[in-house]
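Have the viewer open as you read.

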Amino acid sequence: MRSTTRSTTPSSDLLRCCGLALALICAGCAPSDRLSPAYRGLPAPPGAPHLDEAVDGLVVGHRLMAAGEYELALKAYYRAAAKQGLTADVLSAIGSANLRLGRLGQAESQLRQAIAEDERFVPAWNNLGVVLMEKGEVGEARRVFETAFALDSGGSDDIRRNLRLAIAKTENRDYDSALNEGNNFDLVRRGEGRYLLLATP
């Protein structure tokens with residue numbers, strides 16, 4: 001009786017090795033396609049942020065505004081709007097970015113929308129006043145700055161300065177001296193419970 005021996009070829013050995021490697025890899029995977037506990041490693045330390053949490057678009061936008069990157073800031077604010085909705089804070093931020101980009105009509109509309117959402121939102125009032133000053137509507141700008149100042153209870157030096165410049169311009173008193181100090185009106189935003197300057201050109 002002839003004995004038969006099973007011959008192997010290098011290619012069949014390679015296939016068997018690949019199959020074994022694949023089986024070992026799959027052994028570490030749970031049916032849900034997630035690694036089983038033995039393969040997951042150590043848990044994140046307490047307080048570490050989850051990787052799936054996106055950075056707040058408003059925070060990113062404010063940083064870009066501070067860096068003078070107004071177009072990129074606007075895009076970040078739109079992302080915040082998509083996630084948070086058109087809140088007074090988001091609308092005010094979008095309007096402020098459009099103001100810096102010279103889009104006064106859009107900026108005015110968005111800041112007025114912000115005030116309609118929250119009529120006590122100080123940054124929107126102040127920044128609307130800046131838009132109106134840019135448009136040459138000084139009388140209304142003064143009234144808007146007065147509203148911002150009153151709502152803020154006079155707590156912001158920047159808003160007080162804006163109001164003082166607007167008053168000087170409407171009354172034509174000491175306006176030249178105000179010009180010597182620099183007549184760029186200040187935009188503000190809300191941050192950490194207080195109002196902070198946005199970037200000035």
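## Two helices side by side

H7 and H8 lie roughly antiparallel to each other, because their angle of about 150° is over the 145 degrees that this label requires. This is a predicted model, so please read every value below as computed from it. Helix H7 spans residues 138–151 and helix H8 residues 157–171, and their axes are 9 Å apart. The crossing of the two is left-handed.

On the H7 side, the residues that meet H8 are Val138, Gly139, Arg142, Phe145, Glu146, Ala148 and Phe149. H8 answers with Ile159, Arg160, Asn162, Leu163, Ala166, Ile167, Lys169, Thr170 and Glu171.

Next, look at helix H4 (residues 88–100) and helix H5 (residues 104–117), whose axes come within 8 Å and cross at roughly 165°. That angle makes H4 roughly antiparallel to H5, and the crossing is left-handed.

H4 brings Ala88, Leu91, Ser92, Ile94, Gly95, Ser96, Asn98 and Leu99 to the contact. From H5 come Leu104, Gln106, Ala107, Gln110, Leu111, Gln113, Ala114 and Glu117. The residues of this contact divide into 8 nonpolar, 7 polar and 1 charged.

## The nonpolar cores

Which residues touch the most other members of the largest nonpolar core? They are Ala124, Leu128, Met133 and Phe145, in a core of 24 residues. At least two residues of this core come from each of H4, H5, helix H6 (122–134), H7 and H8. H6 gives the most, with 8 residues.

Leu128 is a handy one to select in your viewer: setting aside neighbours within four places in sequence, Leu128 is in contact with Glu108, Leu111, Arg112, Ile115 and Val144. There is also a second, separate core of 12 residues, and among them are Ala73, Ala81, Val90 and Ile94.

## The chain as a whole

Stepping back, the protein chain has 9 helices and 2 strands, and along the sequence they follow the pattern α-α-α-α-α-α-α-α-α-β-β. Of its 201 residues, 35% are buried.

Key. Residues are numbered from 1 along each chain as its sequence is written. This is a predicted model: local features need pLDDT of at least 70, side-chain atom pairs count only at pLDDT 80 or more; totals for chains, interfaces and linings use all residues. Side-chain values use heavy atoms; hydrogens and water are left out. Axes are lines fitted to C-alpha atoms, for helices over the stretch in contact, and angles run from 0 to 180 degrees between N-to-C directions. Helices (H or I, at least four residues) and strands (E, at least two) are DSSP runs, numbered from the N terminus. Angles under 35 degrees count as roughly parallel, over 145 as roughly antiparallel, 65 to 115 as roughly perpendicular and the rest as oblique. A crossing is left-handed if the near helix is turned anticlockwise from the far one by less than a right angle, and right-handed if clockwise. Contact means heavy atoms within 4.5 Å. Ala, Val, Leu, Ile, Met, Phe, Trp, Tyr, Cys and Pro count as nonpolar, Asp, Glu, Lys and Arg as charged, and the others, Gly among them, as polar. A nonpolar core is a set of buried Ala, Val, Leu, Ile, Met, Phe, Trp, Tyr and Cys residues joined through side-chain atoms within 4.5 Å. Buried means under 20% relative accessible area, exposed over 50%, partly exposed in between (1.4 Å probe, protein chains only).
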